[in-house]
Amino acid sequence: MDIANEGLEKQRAKRKRVARMKKMIVYTIIIFMLLTLFVMTFLCIEVFSLQRQINELSSKIGDSHEVIGIEKMADDSTLDNVYRVDNIDNIAEEGDIPKVYLTFDDGPSENSDAILDILDDYNVKATFFVCGKDVETYGDVYRRIVDEGHSIGMHSYSHNYSKIYQSADAFADDFNKIHSLIAETTGVDTKLYRFPGGSSNKVSNTSMSVFIKYLNDHGIVYYDWNIASGDATSKAFSADELVDNVMNDVVKYKTAVVLLHDQADKSTTVEALPRLIEALNNAGVMILPITDDTTIIQHVSVVQ
Ligand code: ZN
């Protein structure tokens, strides 16, 4: 009898142990699932927040997108003087005198007059891709750019990526505003455009081909750049480094379009400008404003 009881007890104890283990396994699985869910939720929130920060930063730093990873959206443009940045025909050969186009985006700003003064001192003509600013304050700058022989182009009215690139209509509205503003303040019917962020920007949610087609249909030529001075990110480079960034690459090309900025918080650009012009002059290149005859440098283009 005792032996039978003992056996029964053992069996009960074993069953209890098994039940306990089962419970533990179930709890472990539940805890594991909850933890996974928690981590996933946390990561999702992080990703969204980072994405938002990236978007904000992208619109703040303007055209800092590097000329790398160029997306080929379509075949070469039908215009015969359009070069992609990596076009072999634009690589300078022995004896070529590079043509250098200094382009200033985002102005007018508090630095415009200082930039124009320096260009005047060195008798250099540049290209200003301007945005829509208060005409009361900056009307004179728009006019000065034109009066002093520089080329003026559009760089959108609002420079607000999420607005401009929202739709074809939004782009057209913004385009008409900046085109009229320049025409009314300077009398110039400009055909030059530079996309905020460049045509290869990764910020627009709408395909850039929509906007490129709009410009092509309206006889507007857009220019990107094949040399970034690096001044888009505030204070990332010293004035000497900005000069070096340009000089390291400028002699590689027959046509070099240099990206610079005319912005209130970019005094390093102003500081670098005299040194840059002197270095370019010493290198024996031609510094020119963009005109109808300029070789067109584009990151992406679509068939017209
Ligand atoms: Zn810009």
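Modeller: Let me begin with α5 and α6, whose axes come within 10 Å and cross at roughly 45°; bear in mind throughout that this is a predicted model. The two helices α5 and α6 are therefore oblique to each other, and their crossing is right-handed.

Colleague: Which residues in α5 and α6 meet there?

Modeller: From α5 there are Ala-168, Phe-171, Ala-172, Phe-175 and Asn-176, and these meet Val-210, Phe-211, Tyr-214 and Leu-215 in α6.

Colleague: Staying with α6, which of its residues are buried?

Modeller: Helix α6 covers residues 208–217, and within it Met-208, Phe-211, Ile-212, Tyr-214, Leu-215 and Asn-216 are buried. Those buried residues pack against α4 (161–164) and α5 (168–186), and also against the strands β5 (192–193) and β6 (221–222).

Colleague: And what follows α6?

Modeller: Gly-219 follows α6, and its phi is positive, near 70°.

Colleague: Switching to α8, what is the angle between α7 and α8?

Modeller: Helix α7 (residues 239–250) packs on helix α8 (residues 267–282) at an angle of about 40°, and the axes of the two are 8 Å apart. That angle makes α7 oblique to α8, and α7 passes α8 in a right-handed crossing.

Colleague: What does the contact of α7 with α8 consist of, in terms of nonpolar, polar and charged residues?

Modeller: The residues of the contact of α7 with α8 divide into 10 nonpolar, two polar and three charged. On the α7 side they include Asp-240, Leu-242, Val-243 and Val-246, while among those in α8 are Glu-271, Arg-275, Leu-276 and Leu-280.

Colleague: I noticed Leu-276 in that list; is Leu-276 buried or exposed?

Modeller: Leu-276, which is found in helix α8, has a relative accessible area of 3%, so Leu-276 counts as buried. If its neighbours within four places in sequence are left aside, Leu-276 is in contact with Leu-102, Val-243, Val-246, Met-247 and Leu-260.

Colleague: How is α2 placed against α8?

Modeller: Helix α2 (residues 112–121) packs with α8 at an angle of about 15°, their axes being 10 Å apart. That makes α2 roughly parallel to α8, and the crossing of α2 and α8 is right-handed. Ala-114, Ile-115, Ile-118 and Leu-119 in α2 meet Val-270, Leu-273, Pro-274 and Ile-277 in α8, and the residues of this contact of α2 with α8 divide into eight nonpolar, no polar and no charged.

Colleague: Now the strands: where do the buried residues of β4 lie?

Modeller: Strand β4 (residues 151–154) is covered on both faces, with Ser-151 and Gly-153 buried on one side and Ile-152 and Met-154 buried on the other. Strand β3 (residues 127–130) pairs with β4 in the parallel sense over four bridges, and Phe-128 has Ile-152 as its bridge partner in β4.

Colleague: To finish, how many helices and strands does the protein chain have?

Modeller: The protein chain has eight helices and 10 strands, and 45% of its 304 residues count as buried. As for contacts in the protein chain with a separation of 6 or more, 81% of them are accounted for by residues 24 or more positions apart.

Conventions: Residues are numbered from 1 along each chain as its sequence is written. This is a predicted model: local features need pLDDT of at least 70, side-chain atom pairs count only at pLDDT 80 or more; totals for chains, interfaces and linings use all residues. Side-chain values use heavy atoms; hydrogens and water are left out. Axes are lines fitted to C-alpha atoms, for helices over the stretch in contact, and angles run from 0 to 180 degrees between N-to-C directions. Angles under 35 degrees count as roughly parallel, over 145 as roughly antiparallel, 65 to 115 as roughly perpendicular and the rest as oblique. A crossing is left-handed if the near helix is turned anticlockwise from the far one by less than a right angle, and right-handed if clockwise. Contact means heavy atoms within 4.5 Å. Ala, Val, Leu, Ile, Met, Phe, Trp, Tyr, Cys and Pro count as nonpolar, Asp, Glu, Lys and Arg as charged, and the others, Gly among them, as polar. Buried means under 20% relative accessible area, exposed over 50%, partly exposed in between (1.4 Å probe, protein chains only). Two strands pair if DSSP finds at least two bridges between them.
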